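Trainee: I would like to learn how to read the features of a model like this one, going step by step. Could we start with the packing of the interior and then go on to strands, helices and rings?

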Amino acid sequence: MVDIKSITEELNKSVFRRLSEVADSVGVPCYVVGGYVRDIILGRKSKDIDILVVGSGIDVASRYASTLGKGASLAVFRNFGTAQVKYRGLEVEFVGARKESYSHDSRKPVVEDGTLEDDLNRRDFTINDIAVCLNSDRFGEVSDPFGGISDIEKGIIRTPLDPDTTFSDDPLRMMRAVRFASQLQFEIEGKTLAAISRNASRLKIISGERIIDELNKIMASPRPSVGLRLMERTGLLQLVLPELTALKGVESIDGRGHKDNFLHTLAVLDKVAEKSNNLWLRWGALLHDIGKAVVKRYDKRTGWTFHNHNFVGAKMVSSLFRRLKLPMGDEMKYVRKMVDLHMRPIALVEDEVTDSAVRRLLFDAGKDIDDLMLLCEADITSKNREKVERFLGNFALVRKKLVDIEEKDRIREFQPPVSGEEIMRIFGLPPSKPVGLIKDAIKEAILDGIIPNSYPEAYGYMLRSAAELGLKPVEAAQTETPSDNK
C-alpha cells in the first residue's frame, strides 16, 4: 500500500511551499498533477513538475516567477493557456483546468475552461490522473477519482474513461500507453489493450515527429522489446515500422526452417540495451537484420540464405530514417555503418583472423569499432551454449587483435600519411584521377601490411606508385624520403 504521508513529505519542499503561498495569494485552487505525482509514488526522480490551476495558470506562473527573482526564466504560451518557469535545473509547467472535445479527423481538441474534475476526466491514464492540492488549507490532500494509486501498486496501465474514446480522440495516447508499459515494466489492462488494436489505424493522423518521440522513449527503456512486442501485437508496429514486422515468422520448405528474425532482433536489442544507453546503437541493433526479408531465398542444397542482407539493410536505413523523421546527419550514418558492418567481425571469427582483415575492419569502423563489437556479440542468440561460448571466445581473440594492431598501426582514426594536396604539389597535378590512385595505393599498402602507417614509408611508396603511372616529381619538389618529424 502507498503511504499517503510519503506524498506530502515529498511535497514539503521549498518549491511547493512557495507555490502554495502564490496560489493562496492569487486565490485559486492549485494542484501538482500527472507524472510527478506518479513518480513520487514509484520512488523515481523527476525534475519536471506539472501544476494545475483552476483558473489562470499563466497568472500563477508569472507570480511564482517573480518571487524567485534573478535567474528565473518565464515562458508564456497564451495560445495554449500554459506557461513554464525554469529555475536552478527545475522546470515547472502551469496550465489552467480545462475540458476538451475532439473532431474525428484531428487530435487538436476544442478547449474550454473547466473544473478539477473536468481536467482529470480528460487525462490519458489513471496512473497520471492523481492530483495533490497545494493550497494551505488542504495542503497534501489527494484526489484520485479513478484509482490511479491502486493501478500503480498493481503495475497496470488503463484509461480513466472509455478507452475507445480516449484513443480515438488522441491516437498518440496509444503510443504513450506502450511507452509507459516499456519504461515502467507495467502491463496494459485487457480492455485498454484491445482498444489500442481496434484504434491502431487512427495513428495515421499523428505527425511523424510525435510518433518518433514516443518510439525513441520506448527504445531508451530498460527492455525495449516490451514496447515493440506490444506495438506488434496491437498493429501499431506495422504502421510505424513495416520493415520490422516483415521479419516476423518462420517459413519452412522440405522440413527446413529458419529462425524467427523478428524475435531474434528483439533479443539482440535487449542484449545491447543491457550494456549500452546509446540510443543510436540500439537503433543499429533494431535494424541490423532488416535486409533479411528482402534477400531471403531457399536453396535445395544449402537451405535458407540471407546473402548480402547487411548491404541491402544498410541501403534501407536512409529512407527509413527520412520517413520516420529521424535525424539524417551523423546519427543516420552511424546506424547505417552498424547495419553495414555487423557481419564483418563474425566473418573474422569464422575465418582465419588475419592482420590485414583486422586493419580493414578498424579502418571501416573507425572510432565506432567498440560499439560494433558490442552489437556483434549481442547478435549471438543461439540456444546452443557450446556454440555461443565458442563464438564469444573467438570474439575475444578478435578484440585482442584489434588492440594489438591499433597500438602498432594506428588505424582507428586513420588519416593518410601523405595528403592529396601534397601529391598534387610534388607532381604538379591538378585534382585528378592519378591523385586518387596514388592515395588509394598508399592506403591499401598500409591496410595490407606492405608498409607501416608512417610518413617516411608512405612517402617512398608514393614515389614508387607515381613512377608506375609514369609520373615524376616536378623539379622544385624534394625527392628524397623525409623523416617522420615532418
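Trainee: Which residues touch the most other members of the largest nonpolar core?

Mentor: Keep in mind that this is a predicted model. The largest nonpolar core has 113 residues, and those touching the most other members are Phe-16, Val-32, Ile-51, Leu-215, Met-231, Trp-283 and Leu-287. The largest share of this core, eight residues, is supplied by helix H8, which spans residues 172-184. There is also a second, separate core of 19 residues, with Met-424, Phe-427, Ile-451 and Tyr-459 among them.

Trainee: What does Trp-283 touch, leaving out residues up to four places away in sequence?

Mentor: Contacts here are heavy atoms within 4.5 Å. With those sequence neighbours not counted, Trp-283 touches Ile-212, Leu-215, Asn-216, Met-219, Leu-241, Leu-324, Leu-326 and Val-335.

Trainee: Where does UniProt place the HD domain, and how should I read that?

Mentor: An annotation of this kind may be inferred rather than shown by experiment. The unreviewed UniProt entry places the feature "domain: HD" at residues 264-347. In the model, the chain over residues 264-347 is 68% helix and 7% strand, with its end C-alpha atoms 19 Å apart.

Trainee: In what order do the strands of the open sheet lie?

Mentor: Seven strands form this open sheet, in the order E3-E4-E5-E2-E1-E8-E9, and the pairing is mixed. Its edge strands are E3 (73-77) and E9 (142-143), each of which pairs on one side only.

Trainee: Which way do the residues of strand E1 point, and are they buried or exposed?

Mentor: In strand E1 (residues 30-33), Cys-30 and Val-32 point one way while Tyr-31 and Val-33 point the other way, and all of them are buried. Strand E1 is joined to strand E2 (residues 48-53) by four bridges, the two running antiparallel, and Tyr-31 stands opposite Leu-52 in E2. Strand E1 is likewise antiparallel to strand E8 (residues 131-133), with three bridges joining them, and here Val-33 stands opposite Ala-131.

Trainee: Which strands do helices H2 and H3 lie across?

Mentor: Helix H2 (residues 14-26) lies across E1, E2 and E5 and runs at about 20° to E2, whereas helix H3 (residues 35-42) lies across E1, E2 and E8 and runs at about 60° to E1.

Trainee: How many aromatic pairs does a search of the whole structure find?

Mentor: Such a search finds eight aromatic pairs. For Trp-280 and Phe-321, the ring centres are 6.0 Å apart and the planes stand at 45°, so the pair is tilted. This pair links distant parts of the chain, since Trp-280 belongs to helix H15 (residues 279-287) and Phe-321 to helix H17, 41 residues apart. Both Trp-280 and Phe-321 are buried. Another tilted pair is formed by Tyr-455 and Tyr-459, at 5.8 Å centre to centre with 45° between the planes.

Trainee: Why are Tyr-455 and Tyr-459 separated by about one helical turn?

Mentor: Tyr-455 and Tyr-459 are separated in this way because they are four residues apart in helix H25 (residues 455-468).

Trainee: Why is Ser-318 classed as buried?

Mentor: Buried means under 20% relative accessible area. Ser-318 has a relative accessible area of 17%, so it is classed as buried. Ser-318 is found in helix H17 (residues 309-324), and, not counting residues up to four places away in sequence, Ser-318 touches Met-328, Met-332 and Arg-336.

Terms used. Residues are numbered from 1 along each chain as its sequence is written. This is a predicted model: local features need pLDDT of at least 70, side-chain atom pairs count only at pLDDT 80 or more; totals for chains, interfaces and linings use all residues. Side-chain values use heavy atoms; hydrogens and water are left out. A nonpolar core is a set of buried Ala, Val, Leu, Ile, Met, Phe, Trp, Tyr and Cys residues joined through side-chain atoms within 4.5 Å. Buried means under 20% relative accessible area, exposed over 50%, partly exposed in between (1.4 Å probe, protein chains only). Two strands pair if DSSP finds at least two bridges between them. Axes are lines fitted to C-alpha atoms, for helices over the stretch in contact, and angles run from 0 to 180 degrees between N-to-C directions. Rings of Phe, Tyr and Trp (its six-membered ring) pair if their centres lie within 6.5 Å; planes under 30 degrees apart count as stacked, over 60 as edge-to-face and the rest as tilted.
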